[in-house]
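Q: Please take a close look at one part of this model, the aromatic rings and what surrounds them. I would like a connected account with the cut-offs stated.

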Amino acid sequence: MRLVNQAGRLGVDVAGRFIDLELHSGKRFSSDPMSAFADWDAIRAWASKQSAGEVGPRVEPAKLGSPVPRPTQVFAIGLNYKDHAEEANLPIPDAPMVFTKFPTCLVGPNAEVPLTSNRVDWEVEQVVVIGRQALRVPAVKAWDFVAGVTVGQDISDRRLQFSGKPPQFSLGKSATAFGPMGPALVSLDEFSAPDALELRCWVAGELMQESTTANLIFSVPELIEYISKDCALMPGDLIFTGTPGGVGSVRNPRRYLVPGETIESEIEGIGRLSNRCVARD
Ligand code: ZN
């Protein structure tokens with residue numbers, strides 16, 4: 001199942017057609033994108049019976065919002081790929097490095113991104129969406145608490161991130177539109193191996209990042225066990241699982257985003273984000 005948020009309404013993308021959840025289910029389900037998790041299994045069963053032959057408008061990329069627009073909590077993981085830790089000249093962490101992206105930064109897959117300085121960087125990431133409340137969940141059971149996965153960009157203003165000592169991550173990664181997501185929330189049954197998905201990022205057409213989520217230092221189940229040991233994860237919560245090597249701030253020479261460039265971020269089986277950078281007013 002591919003759930004999309006088109007103009008604020010939740011629907012299923014069936015072969016490029018938008019099947020509005022509320023309209024086509026006879027109001028059994030709500031069109032509010034945040035309401036899907038309470039009815040997840042029923043919606044999945046219903047969605048599997050929808051066909052593209054149903055009347056439905058086309059999915060319009062320009063109208064898509066974040067498939068999870070208002071999560072209670074957004075967790076993000078730093079230094080979770082070996083090549084990224086190495087390029088940053090930092091040791092491989094012994095424990096997950098957890099910070100937050102404040103939820104107001106979340107936008108749709110094709111939103112424009114106003115640049116807050118001349119040191120804004122890209123980070124393609126797999127984003128895990130929690131399906132039901134998780135507290136003290138062992139890793140072996142952790143996938144049962146995941147509704148699905150999507151693509152995210154953890155856009156980062158390095159000027160703000162490293163403006164003091166120690167660096168502070170959350171604010172520099174939470175400016176307006178610094179969290180593009182989508183294009184769809186894809187349920188786990190769509191993947192033969194949800195823990196081994198290829199991901200890539202291009203800037204202005206140049207391939208900058210290329211890896212697979214199989215290279216995560218701390219896997220999705222390990223992250224859920226680690227976070228939920230102390231902190232309850234709620235339905236709709238997000239985990240940005242970390243970015244592979246290839247970000248701009250540690251390149252030689254350094255490379256940052258400039259207005260007019262487009263960041264494209266893709267994960268196999270999910271789709272692609274396309275975000276044009278613009279000057280901030
Ligand atoms: Zn990141």
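A: Rings of Phe, Tyr and Trp (its six-membered ring) are a pair if their centres lie within 6.5 Å, and planes under 30 degrees apart are called stacked, over 60 edge-to-face and the rest tilted. By that rule, a search of the whole structure gives four aromatic pairs. F29 and W46 are both buried (under 20% relative accessible area; exposed is over 50%, partly exposed in between, with a 1.4 Å probe and protein chains only). F37 and W40 form a stacked pair, with 5.8 Å from centre to centre and 10° between the planes, and these two residues are likewise buried.

The model is predicted, with local features needing pLDDT of at least 70 and side-chain atom pairs pLDDT 80 or more, while totals for chains, interfaces and linings use all residues. Residues are numbered from 1 along each chain as its sequence is written, and side-chain values use heavy atoms, with hydrogens and water left out.

K27 counts as exposed because its relative accessibility is 65%, whereas F29 is buried.

Elsewhere, ring pairs join F99, F162 and F169 into a cluster. P166, in the loop between α4 (158-161) and α5 (169-172), is joined to K165 by a cis peptide bond with omega of about -5°.

Two rings also have a charge over them, which requires NZ of Lys or CZ of Arg within 6 Å of the ring centre and within 35 degrees of the ring normal. The charged end of R132 sits over the ring of F145, 4.1 Å from its centre, and that of K101 sits over the ring of F240 at 5.5 Å from the centre. In the loop between β10 and β11, R136 has a positive phi near 50° without being a glycine, and R136 is exposed, with a relative accessible area of 60%.

Methods: Helix = DSSP H or I, 4+ residues; strand = E, 2+ residues; numbered from the N terminus.
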